[in-house]
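Subject: Structure handover

Hello,

My notes on what was found in it follow below.

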Amino acid sequence: MKLLVDLTNLHLGVDDKIVRINSLVLMSTSLSNFTTSLGSMTNNDIALNLAALSILVLTIIGNVVISAVQMFSFLSFFDTVAEVAGSSAAVLMLLLILCVSGVMVPAAKAQIDLAYRDLHNRISIKNTQRVEWEGFTSVDELRIAVRRYWVMAETGSSQFVIARSATCVASGLICLLTGLVLVEAHVRLPMMYAAKYTTTSNYKWSTKVILVVQSIGVAIGTIAPLMRWFVAARFKSSDIGTKSFKEEMKVESYWTQKLVDWKKSPVSVHIRSHTLRKLVYNAKGLLLNLCIGVQILIVVASKLVLLASSVFVKGLSFFFCFGHINSTSLKKSCCHISEESDYTRGVESMAEPDQSDYSRYVLLLEGEPELPQGTLKNICNEVDKLMKIGRKNQSKNLVKLVKKCVNFNGVREFDTVEVPILYQEPANCWSMPVVTLTSIAISLPNISDRKCNNLLSAVSKALYYVKLIEKSSDKNGDSTTAVRHAADMAWVGVEFSKKWHGKDLSGASVRGSSDKATLQNLSDIAEKIVGDFFSSTDEITVTEKKDSLINNWPVKVIAARSMYRVTQTLLLARKYDVSLTDEELFESLSIMIADIVAACLTNLVSVIISKCHNNAIEEREESVRQAALLFGETEEILEIIQKIDLPVRLDQEKKGNIQEWRAFMELMPR
C-alpha cells in the first residue's frame, strides 16, 4: 500500500498506474476474505477490528482523493480515473458490508445458539438415557449422536453462517468485479502506451516486483470469495420460485437487532440537565435510525444481488445441461441400464436402517433456505472421515488388553481390606492402580521383553483415555487430584526407563529369583518410603503428617502407599494359589489391569457426549471434531466393553469413581 499513499510521485509510468489500481484491488480482496473472520471474534474484538480497519481504509481513500486532486491537471490522470474510482468505491462498499455483517453477528449468534440449545435438549431427552449402556443401546447410536452434533456444530458455526449470508455473497461478487477491472487495466494500459512504453517510477525495478506479488495475491485471494458467491448462488437457484419477491427482500430481525437495542438503551453519559439529556437521546435515536436505514438498504441490495446471481447461475447451468443432453442423446440406450442400477443403489441406500435424517439438525437463521442435500451429505462425510482417521490411530495392543476383561473383577481384586493401613488411607483413582500393577508386571522375572513392551504400549494409550475420564469427572477438584498427579509422575519413569521412582524394575534390588521375592522386594521398598516420610522430624511432627491432607504428601509417598497395598494384596493371594508360574502371574496381572481399564472406559460415552456439547459457540466445532476422533479411536473398544454385562447398573455419577465401583463390586459374588 506504500505506492498508493505516496503523494510525492506525480509522474507515473504504466507500472505505477497499474500498481495503484492493483493496491486498491488487493485491499478489496483482503476485505472480502476478512468477512467470514468476524464470526470467530467476540463482540469487543469485532468493534475494535472494524474501527482499526475503517481508519486504515479511510486513510488510503483519502490519499487516493488527494492524489487525484494533485494530478487533475495532467492529461494522463484520465487514463486510469475509471479504474481508480471504481476500485475505491468497491473498497468503501466492502468496508460498509463488513460493518453491516459485524452488526449482524451478535444477534445471529444468539439466534443460532438458541436453536442449538433447543436441539441439544431434544437429543438429551431422547438419547441421554440410551447412550449410557443401559442394555439396549449400541455403538451405532453413539455414532449417530456424534454425527448429529457435528451437523449442528458445522451449520451453526459463526463463520459458516456469515459465509452463506447475503452480504457475504455481495462482497464475493464485488471482489470478482474488481478482479476483472484489474485484468482490464493489465491489458489496456500496456497496449495504450505500447509505442512509448517506459518506466519512470522512482522505485525503479522494485515496482515490477510489487506488481507481480500483488497480482499473485489478488489471484489467490479472489478464489475463496468467488467460490462462496458461486456456491451460494447455486444453492439459491434451487429455491427460486418458492417465495414472492417481497418475501425474498424481507430483512430479518437479526440484521437490525443490535442497532435497535442501542437505540432503545438509555444514554450512558451522565448529564444533569433533563433537556440536554433528552436532546442527546433524540440525537442518538436519529443517528441510529439513519444507521438502521443504511443497514436495511445494504441488506436488501445484497439480497437482490444474490437473487440476480442465482438466476444467472441457473440459466448458465441450464445452458450447459442442455448442450450436454444434445451431445449425449445417442448414448441414452447405453446409459439406461446404468441409470437403473444407480437408481436401485440409491433406493437401497435410502432404505438402509442406519441412515438418519440429519436435516432436522441443521441450524438455520430466520428466513434462510433449507441446506441442499449435497452439502448436508458432505458435512456428514467430513465427520465420517474424522472417525476413519481415529480408527487408523487406535492402539491394537490396547484392544488386545481390553479383550482380556470378562467381568471387571480386577477392580476389587487389586486391593483388600486384609492389608493393614499405613498411617492414613487416601482416596484412590483409576490411574494409580493401573500404573502400580503395570510396574509390578514388568518387574517379574522370566517375562519376555516383547510382552513387557506390548503391555507398556497398551497401558500408555489406556492412561490417555483414563486421564480424559478423570478430568471430566473431576470438574471442581477433589481429593484424588494429588493421587492422580502421583500416578502421572510414577508413570513417566516406568514408561521411558522402566524405573519406579528411581528403582530399576529389572535390577537386582527389585527383581528377585521368583515372583514372590519380587513382590516382597517392591513391598519392602514402598513400606520404607512411607515409613521414612512419617518417621522424619525435619519440619513437622509425625502427628501433624498423619493429620495433614493427602495433597500435602510427596508424590513418592502416595505412589509408595499404593505399591505397598497392591503388592501385599498379591502376596496374600499367593498364599491360596502357590502353583502360579511367572507367566501365569503376568497374565493374571494383565487381566486385572484390563478389568480396571475397561471399567474406567465405560465412562467414555459420557466423555464423548460432553465433548460434543460445548457451550462456547466459537469452540463448538473443534470440540465435536475431537469427539469424533476419540470415537473413531475407541469404537472397537466400546464394542468390546458393551458386551460385558453388569448384573446391576451403576448410576452415571458413580461410574466415574473407582471407590464407588469397588463398593459395588463387593456386593457381587466372587
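**Helix 4 and helix 13**

Helix 4 crosses helix 13 in a right-handed sense. (A crossing is left-handed if the near helix is turned anticlockwise from the far one by less than a right angle, and right-handed if clockwise.) Helix 4 covers residues 139-155 and helix 13 covers residues 373-392; the two pack at an angle of about 125°, with their axes 10 Å apart. That angle makes helix 4 oblique to helix 13. Angles under 35 degrees count as roughly parallel, over 145 as roughly antiparallel, 65 to 115 as roughly perpendicular, and the rest as oblique. Axes are lines fitted to C-alpha atoms, for helices over the stretch in contact, and angles run from 0 to 180 degrees between N-to-C directions.

From helix 4, the residues that meet helix 13 are Arg143, Val146, Arg147, Trp150, Val151, Glu154 and Thr155. Helix 13 brings Leu376, Ile379, Cys380, Glu382, Val383, Asp384, Leu386, Met387 and Arg391. Contact means heavy atoms within 4.5 Å. By class, this contact of helix 4 with helix 13 has nine nonpolar, one polar and six charged residues. Ala, Val, Leu, Ile, Met, Phe, Trp, Tyr, Cys and Pro count as nonpolar; Asp, Glu, Lys and Arg as charged; the others, Gly among them, as polar.

**Model and confidence**

This is a predicted model, in which local features need pLDDT of at least 70 and side-chain atom pairs count only at pLDDT 80 or more, while totals for chains, interfaces and linings use all residues. Residues are numbered from 1 along each chain as its sequence is written, and side-chain values use heavy atoms, with hydrogens and water left out.

Average pLDDT for the protein is 81, and 81% of the residues score at least 70. (pLDDT is the predictor's confidence in each residue, from 0 to 100.) Two stretches need a note. Over residues 129-136, pLDDT stays under 50, and the model has 19 contacts there beyond four places in sequence. Over residues 322-355, pLDDT also stays under 50, with two such contacts.

**Overall make-up**

The protein has 26 helices and two strands. Helices (H or I, at least four residues) and strands (E, at least two) are DSSP runs, numbered from the N terminus. Of the 670 residues, 47% are buried. Buried means under 20% relative accessible area, exposed over 50%, and partly exposed in between (1.4 Å probe, protein chains only). Among contacts with a separation of 6 or more, 84% join residues 24 or more positions apart.

**Helix 24 and its partners**

Helix 23 (residues 604-612) and helix 24 (residues 620-642) have axes that come within 8 Å and cross at roughly 160°. Helix 23 is therefore roughly antiparallel to helix 24. The crossing is left-handed. Helix 23 makes the contact with Leu604, Val605, Val607, Ile608, Lys611 and Cys612. Helix 24 uses Ser623, Val624, Gln626, Ala627, Leu630, Phe631, Thr634 and Leu638. By class, that contact has ten nonpolar, three polar and one charged residues.

Helix 17 (residues 449-473) also meets helix 24: their axes come within 13 Å and cross at roughly 130°. That makes helix 17 oblique to helix 24. This crossing is left-handed. Lys461, Tyr464, Tyr465 and Leu468 of helix 17 meet Leu630, Glu633 and Thr634 of helix 24. The classes here are four nonpolar, one polar and two charged.

**Single residues**

Leu519 lies in helix 19 (residues 515-535). Its relative accessibility is 0%, so Leu519 counts as buried. Beyond neighbours within four places in sequence, Leu519 is in contact with Ile440, Thr567, Leu570, Leu571, Arg574 and Leu585. Leu519 and Gln568 are 49 residues apart in sequence and 7.8 Å apart in space, C-alpha to C-alpha.

Glu653 sits in helix 25 (residues 652-655). At 77% relative accessibility, Glu653 counts as exposed. Glu653 and Asn603 are 50 residues apart in sequence; C-alpha to C-alpha, they are 9.7 Å apart in space.

Lys498 has phi near 55°, a positive value in a residue other than glycine. Lys498 is in the loop between helix 18 (481-497) and strand 1 (499-500), and is partly exposed, with a relative accessible area of 27%. His501 has phi near 50°, again positive in a residue other than glycine. His501 lies in the loop between strand 1 and strand 2 (503-504).

Best regards
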